[in-house]
Amino acid sequence: MGEEMVGWARRVAAADLGNVLPRGWAHSCGVVARAAEVGLILGKDADLLFSATILHDVGYAPRLATTAVSPR
């Protein structure tokens, strides 16, 4: 399930942030890059960390946001 979950998370985040909030998408990708450093010690649980980090700002996407908080 690991790579499948990461792929799904990446597709969701790219679709919701990529074109509409490119800075938010770039930020999320940067967080994943940093998480890769930690992922080396997590072993099989690294995929969960990668999925969570790529999705952590998806709530700012206009189709999901319900508050007036501005995205990054």
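Visitor: Is R63 buried or exposed?

Guide: In this predicted model, R63 counts as exposed because its relative accessibility is 62%, which is over the 50% cut-off.

Visitor: And which side chain does R63 meet in a salt bridge?

Guide: The partner is D16, and the N to O distance in that salt bridge is 2.6 Å.

Visitor: How many salt bridges turn up in a search of the whole structure?

Guide: The search finds two. Besides the bridge between D16 and R63, there is one between E37 and R34, whose closest N and O atoms are 3.5 Å apart.

Visitor: Where are E37 and R34, then?

Guide: Both lie in helix α2, residues 22–42, with a spacing of three residues, or about one turn of the helix. In general, an α-helix has 3.6 residues a turn, so residues three or four places apart point the same way.

Visitor: How accessible are E37 and R34?

Guide: E37 counts as partly exposed, with a relative accessibility of 48%, whereas R34 is exposed, with a relative accessible area of 57%.

Visitor: Changing topic, which residues make up the largest nonpolar core?

Guide: That core has eight residues in all, namely A9, A13, L17, L21, W25, V32, I54 and A61. The elements that contribute two or more residues to this core are α1 and α2, and the largest share, three residues, comes from α1.

Visitor: What about α2 and α3, at what angle do they cross?

Guide: Their axes cross at roughly 165° and come within 8 Å of each other. An angle over 145 degrees counts as roughly antiparallel, which is why α2 is described as roughly antiparallel to α3. The crossing in which α2 passes α3 is right-handed.

Visitor: Which residues make that contact?

Guide: From α2 the contact is made by W25, S28, C29, V31, V32, A35, A36, V38, G39 and L42, and these meet A46, L49, F50, T53 and I54 of α3. W25, V32 and I54 also belong to the largest nonpolar core.

Visitor: And how do α1 and α3 pack?

Guide: They pack at an angle of about 5°, with their axes 9 Å apart, and that makes α1 roughly parallel to α3. On the α1 side the contact is made by G2, E3, M5, V6, W8, A9, R10, V12 and A13, and on the α3 side by D47, L48, F50, S51, I54 and L55.

Visitor: Last one, which residues of α3 are buried, and what do they pack against?

Guide: The buried residues of α3 are A46, F50, S51, T53 and I54, and they pack against α1 and α2.

How values were computed. Residues numbered from 1 in each chain as written. Predicted model: local features only at pLDDT ≥ 70, side-chain atom pairs only at ≥ 80, totals over all residues. Heavy atoms only, no water. Salt bridge = Lys/Arg side-chain N within 4 Å of Asp/Glu carboxyl O. Buried < 20%, exposed > 50% of the residue type's maximum accessible area, 1.4 Å probe, protein only. Helix = DSSP H or I, 4+ residues; strand = E, 2+ residues; numbered from the N terminus. Core = buried A, V, L, I, M, F, W, Y, C linked by side-chain atoms within 4.5 Å. Axes fitted to C-alpha atoms, helices over the stretch in contact; angles between N-to-C directions. Parallel < 35°, antiparallel > 145°, perpendicular 65-115°, else oblique. Left-handed = near helix turned anticlockwise from the far one by under 90°. Contact = heavy atoms within 4.5 Å.
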